[in-house]
Amino acid sequence: MMGTNAGPVSGLPVLKERGQREVFCGLTGIVWLHRKIQDAFFLVVGSRTCAHLLQSAAGVMIFGEPRFATAILEDKDLAGLADANEEIDRVVARLLARRPDIKMLFLVGSCPSEVIKLDLTRAAARLDQQHDAVRVLAYSGSGIETTFTQGEDTCLSALARELPFANDAADQTEDELLVVGALPDVVEDQFQRSFDALGIPARFFPPRRAQALPRVGPRTKFLLAQPFLSETAATLEDMGLTRLAAPFPLGIEGTRGWLGAAAEAFGVPEATLAEHVAPAERRAQVALGRMRERLEGKRVFFFPDSQLEVPIARFLSREVGCELVEVGTPYLHREHMAEELALLPQGTALSEGQDVERQLDRCEEAAPDIVVCGLGLANPLEAKGMTTKWSIELVFTPVHGYEQAGDLAELFARPLVRRGRLRL
Ligand code: SF4
């Protein structure tokens with residue numbers, strides 16, 4: 001399908017495309033969500049393909065009991081000859097009898113379950129009533145019109161509806177901050193220390209244990225830690241929470257802007273924030289100085305995949321001197337991305353959606369130094385002599401905050417060094 005030029009955002013033209021896409025599905029989110037929420041279990045209701053994807057993405061868990069599985073829909077289920085709901089009830093009863101450690105069960109929808117219109121929300125409500133000790137929720141991880149980070153969004157949106165809500169002033173006596181988006185524990189601890197030092201009462205969502213859901217209320221303001229959580233943000237706003245507009249905490253500038261938005265909302269003076277972040281900013285500057293030597297002037301092309309493209313492009317261009325050839329993103333949330341877009345260099349070529357063949361042509365013609373893309377495109381592009389970076393690594397690696405700024409840049413420097421060595 002042809003691309004169209006949509007209206008510019010922040011003065012930047014956006015090429016809007018619809019066509020064949022090369023993306024992973026939302027089931028991928030289970031890989032990092034099951035590590036984050038340690039008493040939850042993710043039961044995919046899907047096909048053998050879903051089971052295979054999950055197993056190869058997550059690797060085989062040798063130690064300990066796994067916390068995800070696939071209830072496979074057989075041909076007779078798909079043909080409507082068996083009652084899939086009865087099967088699900090049986091599988092869940094067996095699972096919960098064997099695993100009393102599970103406190104929250106997510107039924108995860110897939111393409112096959114959606115195609116046969118299996119209502120997992122109803123199934124979850126039924127199972128929730130049947131099993132007293134376990135909360136059962138449902139969300140979609142399907143690959144129909146989605147991209148791989150949306151699995152976290154649909155999961156957190158379902159979980160957000162479970163947050164205990166303080167209805168009156170006596171229940172919530174002060175403004176509180178909720179940081180939204182799964183972050184590695186090490187990064188969460190760093191941010192928690194910063195908020196504590198600044199005197200901002202902050203909680204994180206999702207919590208490490210499903211039973212420890214933070215209480216929220218009309219005085220809760222939330223900061224998105226990840227740029228792909230539009231449905232979750234809408235759910236929280238519907239509940240009466242207020243989103244703080246901010247860039248995302250990637251790189252020095254993004255982290256400062258993100259912490260700065262919280263500081264401003266909670267009345268922390270700019271000088272107090274500046275003093276608190278100064279040592280971490282100095283360390284990050286040193287780490288980035290080393291990376292800048294390798295990355296300055298390198299031309300980067302982003303295929304749409306993780307929805308982290310715009311903040312990462314802003315970081316690469318402003319903090320290590322990369323040149324942006326094209327910044328493709330699956331969806332461009334104009335409002336959540338406003339602070340990021342304002343920081344992109346004049347004339348940055350943005351594209352939204354994908355027509356993969358046309359984009360591959362543009363990429364080949366531009367011959368960038370590094371291509372950021374999904375796993376499906378990386379091997380063919382490497383075979384053509386291009387240097388690639390898997391965008392999925394950006395969600396598996398701790399990259400947020402000051403202490404990780406150097407590591408974030410290194411993710412892009414490493415493949416260039418490797419390619420350089422191969423050419424020697
Ligand atoms: S949910 Fe859809 S895209 Fe994902 S593995 Fe299953 S069938 Fe494939």
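Predicted model: local features only at pLDDT ≥ 70, side-chain atom pairs only at ≥ 80, totals over all residues.

Colleague: Is the crossing of H7 and H9 left-handed or right-handed?

Modeller: Residues are numbered from 1 along each chain as its sequence is written. Helices are DSSP runs (H or I, at least four residues), as are strands (E, at least two), numbered from the N terminus. A crossing is left-handed if the near helix is turned anticlockwise from the far one by less than a right angle, and right-handed if clockwise; that of H7 and H9 is right-handed.

Colleague: Is Gln307 buried or exposed?

Modeller: Gln307 sits in the loop between strand E11 (299-302) and helix H12 (309-319). A residue is buried if 20 or more other C-beta atoms, placed from the backbone, lie within 10 Å of its own, exposed if 12 or fewer, and partly exposed in between. Gln307 has 27 C-beta neighbours inside 10 Å, so it counts as buried.

Colleague: What is the phi of Ala367?

Modeller: Ala367 lies in the loop between helix H14 (356-366) and strand E14 (370-373). Most residues other than glycine have a negative phi. Ala367 is not glycine, yet its phi is positive, near 45 degrees.

Colleague: Which peptide bond is cis, with omega near 10 degrees?

Modeller: Look in the loop between strand E8 (202-205) and strand E9 (220-224), where Pro206 is found. Most peptide bonds are trans. The cis bond runs from Phe205 to Pro206.
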